[in-house]
Amino acid sequence: MAGADSPSAALRRRDLCARGIRLAGKMRSDVVDLLDTYVERQGLDASASVAAVEGVPPAAVERWDEQTGTQRLLENLAAYRAFRALLAQMLEEQREQLGEADAALGRALAAVLLQVSAFAYHLEELLRLESRGPPSEEGDGPPPQPQGLFEQKLRGLGVLRELAQWAVRSARDLRQLAKHGPGAGSAPSPAESP
Amino acid sequence: VSPAAAPAVISPQDPTLLIGSSLVATCTVSPDFPLKAEDLYWTLNGRRLPAASYAALGPSTLSVALARLNGSRQQSGDNLVCHSRDGGILAGSCLYVGLPPEKPVNITCWSKNMKDLTCKWAPGTEGETFLHTNYTLKYKLRWYGRDNTCQEYHTAGPYSCHIPKDLALFTPYEIWVEASNRLGVAVSDVVMLDILDVVTTDPPSDVHVSRVGDLEDQLSVRWSSPPALKDFLFQAKYQIQYRVEDSSEWKVVDDVGNQTSCRLAGLRPGTVYFVQVRCNPFGIYGSKKAGIWSDWSNPTAASTPRSERGAGGCDPKGGEQNTTLRRELKQFFGWVKKHAYGCSNLGIKLYDQWRVWLQKSHKTRNQVGKEP
């Protein structure tokens, strides 16, 4: 882990974290706007409670403060890879159901998908600074297909809500990583040696 | 809505219905869930449906009767949802209520410089179908050839398609539009056209408007023919339209012919005018037909000079008198043409030419220093 602790690695990590935090902020703002458009187009109640949907990674986490920076990065990466597949599926479903009739919703979905892909790449870069590198994506099958069209609508609502929450969590994860480095949790720990 | 076992199932699932239909839907709770029919209620698009429309068909099955359905509120379908007493969502079904498409109408097409074809049409239904309706434009050469499908939609409005290449000349095309939605398909009448008959061009380029010396009621307009015309068209008609700056009323000069310059006369002195030019590729490859007028060129502005005669410059009263006089003369000449034979050459243009001559001769006399 000596390379990961070198001054240049620390500088690069801080730079990547700063950019990642900005990206997470923009992503959250765009997802919130997309949510408004989505509920309106799908005729849903914005406050409808949606049970946990299979394949959508929950942002809620217990004992977050005990996680190391690397563990947080890995969980973030797994989540955004899952969101990338889920949003791609939503985009395909939207095109099948409505074609070009709702170009605005399609464009907004595509824009968020792009940001999620960019953020996942960002996380992979951060993990490359550690000796282990990012895990491969083998074995990640496509997300399960909802049974009916109403289930599709509800799942989309769940995906966007959870993604908005993840953007908040990711910004905090990156702030901690920038402050404490990959090996430490949030709890105060001895400073890492260069 | 859950993961492995859905708490309940609605039947029918995602049905498509005609406006005015009635529907009976059932919600059956899964045996794994301890809910009875009396624990359930229905909503449609978030609005709770009256209990009077429910019926318990079994211990864990509740039905709802919907009569005379209106068109779907959103194209993604109306949300019919079965809830538990505490408001939780147990299952949902999307209702697609609408009308089948009517055949698209008013197909019009144009070709830009004989290189492509753009067509637009209007949906047949005056209102809407309430369902997502897909439009496909198809075309084929008249007596042979397979059906082709246009790929680039919405290029000239929501009901339009653009065919960018591989179009044949000198053979008519058959063109039609198919509309389809969940309730059916409708096909427009077939339109037949020859690409050469629907050609348009870019607007004329390099439009310049300038004063004609000191002549205060004239402007000279010059332009270049659109570049695409140079290769294959030698007949082109032009039209000019112009207006004063603070008016929305355009005057059209129709008889410009195929020249690339024109002089506007009878204008107001000291006034800003906007001028536009457009082109019609008339008589392409010997065709006798007119093409389609291009868009107007971007407006070009210029102002007529203001008279310097008299102390203090412009005499508004004199200007008004000139306008009134000119109007009266125009009416007089119109009357002469109708009632006096052998005077067909008299017209307002002759008067304008006389005024040009008069101003030139005044200028010459002033330059020489002689008083009239």
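Helices (H or I, at least four residues) and strands (E, at least two) are DSSP runs, numbered from the N terminus. With that in hand, here is a friendly tour of a predicted model. Helices H2, H3 and H5 of chain A each give at least two residues to the lining of the largest cavity, and H2 (7-42), H3 (69-98) and H5 (149-180) of chain A are also the elements that give two or more residues to the side of chain A that touches chain B.

Local features need pLDDT of at least 70, side-chain atom pairs count only at pLDDT 80 or more, and totals for chains, interfaces and linings use all residues. Residues are numbered from 1 along each chain as its sequence is written, chains are lettered from A and ligands numbered from 1 in the order in which they are written, and side-chain values use heavy atoms, with hydrogens and water left out.

**Where the chains meet**

- Chain A brings 20 residues to the contact and chain B brings 20 residues, where contact means heavy atoms within 4.5 Å.
- The area buried between the two chains is about 1600 Å², with 59% of it from carbon and sulfur atoms; buried area is the accessible area (1.4 Å probe) that two parts lose on being put together, summed over both.
- A:Leu98, A:Leu149 and A:Phe150 supply 31% of the area that chain A buries against chain B, more than any other three residues.
- H5(A) gives the most to the side of chain A that touches chain B, with 5 residues.
- That side of chain A has 9 nonpolar, 6 polar and 5 charged residues (Ala, Val, Leu, Ile, Met, Phe, Trp, Tyr, Cys and Pro count as nonpolar, Asp, Glu, Lys and Arg as charged, and the others, Gly among them, as polar).

**The lining of the largest cavity**

- H3(A) supplies the largest share of this lining, 5 residues.
- By class, the lining residues divide into 6 nonpolar, 6 polar and 2 charged.
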